[in-house]
Amino acid sequence: MDERARLAAEGVRVVVIGNGRVEHARNFAGEYGKGLPLYTDPTLKTYDALGARRGLMSSVHPGVFRRGAEASKRGFSQGATQGTALQQGGALGVRPDGSVWFRQLSDHAGDHFKIEDVITAHRKS
């Protein structure tokens with residue numbers, strides 16, 4: 001079962017917020033986000049409100065190179081950067097009442113959340 005299917009089976013609804021232009025969001029949706037609600041915030045206000053990291057040091061962190069090598073071994077390669085290259089992301093689990101049950105902000109590029117952590121947090125919420 002893929003990660004999206006695992007989350008759906010747990011009752012987790014995934015929404016993606018990017019930081020590029022609308023054309024970038026369309027490109028992402030066509031390649032990775034089929035069937036996902038997808039929004040974009042080129043102003044980065046959403047990222048600022050969440051306290052997401054942005055800057056050169058989070059993009060050239062030693063972990064970036066390690067993660068890149070791991071991804072390459074699994075057959076993944078970095079495509080063209082779309083949006084703000086220095087902006088880091090994360091994941092947020094929010095209940096319908098607005099309360100947060102999961103929060104993980106990336107320390108550096110490639111610092112992705114683990115699906116198991118999301119599922120565990122959702123089950124405890």
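This is a predicted model: local features need pLDDT of at least 70, side-chain atom pairs count only at pLDDT 80 or more; totals for chains, interfaces and linings use all residues.
Residues are numbered from 1 along each chain as its sequence is written, and side-chain values use heavy atoms, with hydrogens and water left out.

**View 1. The salt bridge between R53 and D107.** R53 forms a salt bridge with D107, the closest N and O atoms being 2.6 Å apart; the term stands for a side-chain nitrogen of Lys or Arg within 4 Å of a carboxyl oxygen of Asp or Glu. This pair links distant parts of the chain, 54 residues apart, with R53 in the loop between α3 (45-50) and α4 and D107 in the loop between β4 and α6. Helices (H or I, at least four residues) and strands (E, at least two) are DSSP runs, numbered from the N terminus. R53 counts as partly exposed at 34% relative accessibility.

**View 2. The salt bridges E116 with R6 and D48 with R54.** A search of the whole structure finds 5 salt bridges, and one of them joins E116 to R6, with the closest N and O atoms 3.1 Å apart. E116 belongs to helix α6 and R6 to helix α1 (residues 3-9), so that the pair, 110 residues apart, links distant parts of the chain. Both ends have a computed accessibility: E116 counts as partly exposed at 42%, and R6 counts as partly exposed at 27%. In the salt bridge between D48 and R54, the closest N and O atoms are 2.8 Å apart. D48 is partly exposed at 43% relative accessibility, and R54 is partly exposed with a relative accessible area of 40%.

**View 3. The largest nonpolar core.** This core has 9 residues in all, namely L7, V12, A91, W101, F102, I115, V118, I119 and A121. The elements that give two or more residues to the core are β4 (100-105) and α6 (115-124), and the largest share, 4 residues, comes from α6. A nonpolar core is here a set of buried Ala, Val, Leu, Ile, Met, Phe, Trp, Tyr and Cys residues joined through side-chain atoms within 4.5 Å. A121 touches W101 and F102, not counting residues up to four places away in sequence, where contact means heavy atoms within 4.5 Å.

**View 4. W101 and its ring partner F102.** The structure holds 1 aromatic pair. The rings of W101 and F102 have their centres 6.3 Å apart and their planes at 50°, so the pair is tilted. Rings of Phe, Tyr and Trp (its six-membered ring) pair if their centres lie within 6.5 Å, and planes under 30 degrees apart count as stacked, over 60 as edge-to-face and the rest as tilted. W101 and F102 are both buried; W101 is found in strand β4 and has a relative accessible area of 15%. Not counting residues up to four places away in sequence, W101 touches V12, G93, V94, R95, V118, A121, H122 and S125. W101 and K124 are 23 residues apart in sequence and 8.5 Å apart in space, C-alpha to C-alpha.

**View 5. Y39 in strand β2 and L44 in the loop between β2 and α3.** Y39 is found in strand β2 (residues 38-40) and counts as partly exposed at 48% relative accessibility. Y39 touches V15, V16, I17 and G18, not counting residues up to four places away in sequence. Between Y39 and I17 the C-alpha to C-alpha distance is 4.7 Å, although the two are 22 residues apart in sequence. L44 has a positive phi of about 70° although it is not a glycine, and L44 is buried, with a relative accessible area of 9%.

Note on methods
Buried means under 20% relative accessible area, exposed over 50%, partly exposed in between (1.4 Å probe, protein chains only).
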